[in-house]
Amino acid sequence: MEELPVFTNDAIVFGLLMIALGFVFYTSSQKEGFWKKFYAVVPALLMCYLIPAIFNSLGLIDDSTSNLYFVSSRFLLPAALVLMTLSIDLKAVFNLGPKALIMFFAGTLGIILGGPLAILLFSVISPESIGGAGPDAIWRGLSTIAGSWIGGGANQAAMLEIYEYNPDLYGGMVLVDIVVANLWMAIVLMGIGKNEKIDNWLKADNSAIEELKNKVSNYAASVTRNPSLADLMIMLSLAFGAVGIAHWGAEVISAFLSANFEVFTDSKSALSSFSSTFFWMITIATAIGIILSFTKFKSYEGAGASKLGSVFIYILVATIGMKMDLGSVFDNPALIGIGLVWITIHIIILVVTAKLIKAPYFFLAVGSQANVGGAASAPVVAAAFHPSLATVGVLLAVFGYVVGTYGAILCTILMQMASTS
């Protein structure tokens, strides 16, 4: 039986997370002294993620006994997407060009090739770690990670059904998924603080990104006002009204597809991820935000719509951090090693592609997270560059859902061949 954390009451856990966020924002706002030097090296966003991870590692809190991530990802994330999309200039987003898509697919290719190459490497240095027969075969378990890292939770579940990995061993694969993906996300967040230096090294042209940021910032400056209570209530009504519509629409669409098309209910089907209510919820919420950006509600950016959205995003970041137990890295070193080699190949392909096409770090970071992190992480990373860029993260994450199962099946076929070679 697993030992319970010190705090299992979500009110207490939420209080701890908010104290952690308040501490980070207070210290990062200091203009001189130790904290100014500290945050020049470690981004504030990373600390918002790392402190809850430390709480988890110390046994104070645990994601498995809390509903806070579920609430944040299902309520606060879609609300944040609506608020951050209010001021979006859709034409400027499309003007970002094809590099965003190229980097996304480079990330996908990195996952597809990384799995079999990691198996080939470990077949030399640690053959026992990639063995197993029948339902216990390691390549079957790794197929679930491929599904998660290209698409998301729905694709991961589909791969578990398709390749019938032993459910009793599945927890080990989930651990690798969480540990390695979150370690990489931490590195991505650190890179955001150095993105200008990275862009210079990549010889990247980020003028289109700067133009989009400037357009949104200039528009916000032109309509800026001190928000009244009415402004705040209207923004919250827009955000959570949209969340309600998104949840309702997601349930209706998912139920309709499941009831009328067998291909969506078959968990072994590559199209089963389209019956995911989370996928439709994120898609509908983003669509509502884009529609509202063509109305007079766009002016609420001047009252701080994207700042309010950022509050929700930071709470989500803290709950994502709760999932990370830093001590678990040492629980199954061989499996974690396979995961680390796998993600390293993903990173190498991304960096080489970015260097070749001179893509900015923004596209590298968001293209990677749209694969590895999915719809919960890609908007967070995109918004860390600028709130107006959150939509780019969502659009790329949607591509992840679309290609997730297909890409994971190809990756698994290659991993099976690598395991038996």
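Lys358 has a relative accessibility of 43%, so it counts as partly exposed. This residue of the predicted model sits in the loop between helix H16 (333-357) and helix H17 (361-372). Its phi is positive, about 55°, although Lys358 is not a glycine. Most residues other than glycine have a negative phi.

Lys203 also has a positive phi of about 55°, and it is not a glycine either. Its loop runs between helix H10 (195-202) and helix H11 (207-223). Lys203 reaches 58% relative accessibility and therefore counts as exposed, the cut-off being over 50%.

## Packing of H3 and H15

Two packed helices are described by the angle between their axes and the distance between the axes. Helix H3 (residues 44-57) and helix H15 (residues 305-321) have axes that come within 7 Å. They cross at roughly 40°, so the pair is oblique. The crossing of H3 past H15 is right-handed.

H3 contributes Leu45, Cys48, Tyr49, Pro52 and Ala53 to the contact. H15 contributes Tyr314, Val317, Ala318, Ile320 and Gly321. By class, nine of these residues are nonpolar, one is polar and none is charged.

## An enclosed helix

Helix H7 (residues 138-150) has 13 residues. From first C-alpha to last, H7 reaches 19 Å, close to the 18 Å expected at 1.5 Å a residue.

Of the 13 residues of H7, 12 are buried, so the helix is largely enclosed by the rest of the structure. Among the buried residues are Trp139 and Trp149.

Terms used. Residues numbered from 1 in each chain as written. Predicted model: local features only at pLDDT ≥ 70, side-chain atom pairs only at ≥ 80, totals over all residues. Heavy atoms only, no water. Axes fitted to C-alpha atoms, helices over the stretch in contact; angles between N-to-C directions. Helix = DSSP H or I, 4+ residues; strand = E, 2+ residues; numbered from the N terminus. Parallel < 35°, antiparallel > 145°, perpendicular 65-115°, else oblique. Left-handed = near helix turned anticlockwise from the far one by under 90°. Contact = heavy atoms within 4.5 Å. Nonpolar A, V, L, I, M, F, W, Y, C, P; charged D, E, K, R; others polar. Expected span 1.5 Å × (residues − 1). Buried < 20%, exposed > 50% of the residue type's maximum accessible area, 1.4 Å probe, protein only.
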